[in-house]
Amino acid sequence: MCGRYTVSTPPEILADLFELAQIPLFPPRFNVAPTQEAPIVRVLAPGEPRRLDLVRWGLIPTWAKEAAIGNRMINARADGVAEKPAFRSSFKKKRCLVVADGFYEWKKEGAAKQPYWIHRRDRQPFAFAGLWSSWKDPEKGEWLDTFTILTTDANETVRPIHDRMPVILDREEYRLWLDPEVEDTARLQELLVPAPAVDLAAIPVSRAVNSPAHESSDCIAPLTAE
């Protein structure tokens, strides 16, 4: 799964990677947690340009009666998104890129769990495959956009730490994934595979990341001593 991640790359670099005409300013994030707002890239309608929006993490299906269900839908297994009621509509029409430059996973070591920061070896930003949805609060009448991150089997780099990992898309796959007119689920499913293990590195980091309140760059510093 993916329960925490980082997005600390300067906005101008993200604008180039995701081919954005404009990009909002947001602070570097070193410990993004569920229910928080985070940047995603999406195309709202055929022919429209890509846009970057800050959206709440934890997908709330359109049919949900309350927002709390989103707390359990921060991830979606890639092998089930085409059929599961919570995700199948978004998989067809509301796909997004979740902006990131690393993610955390925890490895059980004795009675404790050691966090690792997993990132590209070249330290470049990337995108998780994501889905988004718009939900109307039945009590307030307000609309809320939310997203989830798709996961797949872990590659050789991540597997010693956890058996699942987020789907990381290649840059050349962005156009297809974002196109709202593409509804060929078999074609889209082909993209949802583990990233090449050689591209990623995993380093142990401080257990301070266990707390969402800890957001400094110390979160990604290689562990020396606790």
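Trainee: Which residue in β13 is the bridge partner of Ile118?

Mentor: That's Ala202. Bear in mind that this is a predicted model, where local features need pLDDT of at least 70, side-chain atom pairs count only at pLDDT 80 or more, and totals for chains, interfaces and linings use all residues. Residues are numbered from 1 along each chain as its sequence is written, and side-chain values use heavy atoms, with hydrogens and water left out.

Trainee: What makes β8 and β13 a pair?

Mentor: Strands (DSSP runs of E, at least two residues, numbered from the N terminus) pair if DSSP finds at least two bridges between them. Antiparallel β8 (residues 112-120) and β13 are joined by 5 bridges, so they pair.

Trainee: Where does that pair sit in the open sheet?

Mentor: The order is β2-β1-β7-β8-β13, 5 strands with antiparallel pairing. β2 (29-32) and β13 (200-204) are the edge strands, as each pairs on one side only.

Trainee: How do you know that the Asp53 and Arg42 side chains make a polar contact?

Mentor: The term needs a pair of N or O atoms within 3.5 Å; within protein, one must be able to donate a hydrogen and the other to accept it, and residues adjacent in sequence count only if both atoms are side-chain atoms. Here the value is 2.9 Å, so the distance passes. Asp53 also has a side-chain polar contact with Arg51, at 2.8 Å.

Methods. Helices (H or I, at least four residues) and strands (E, at least two) are DSSP runs, numbered from the N terminus.
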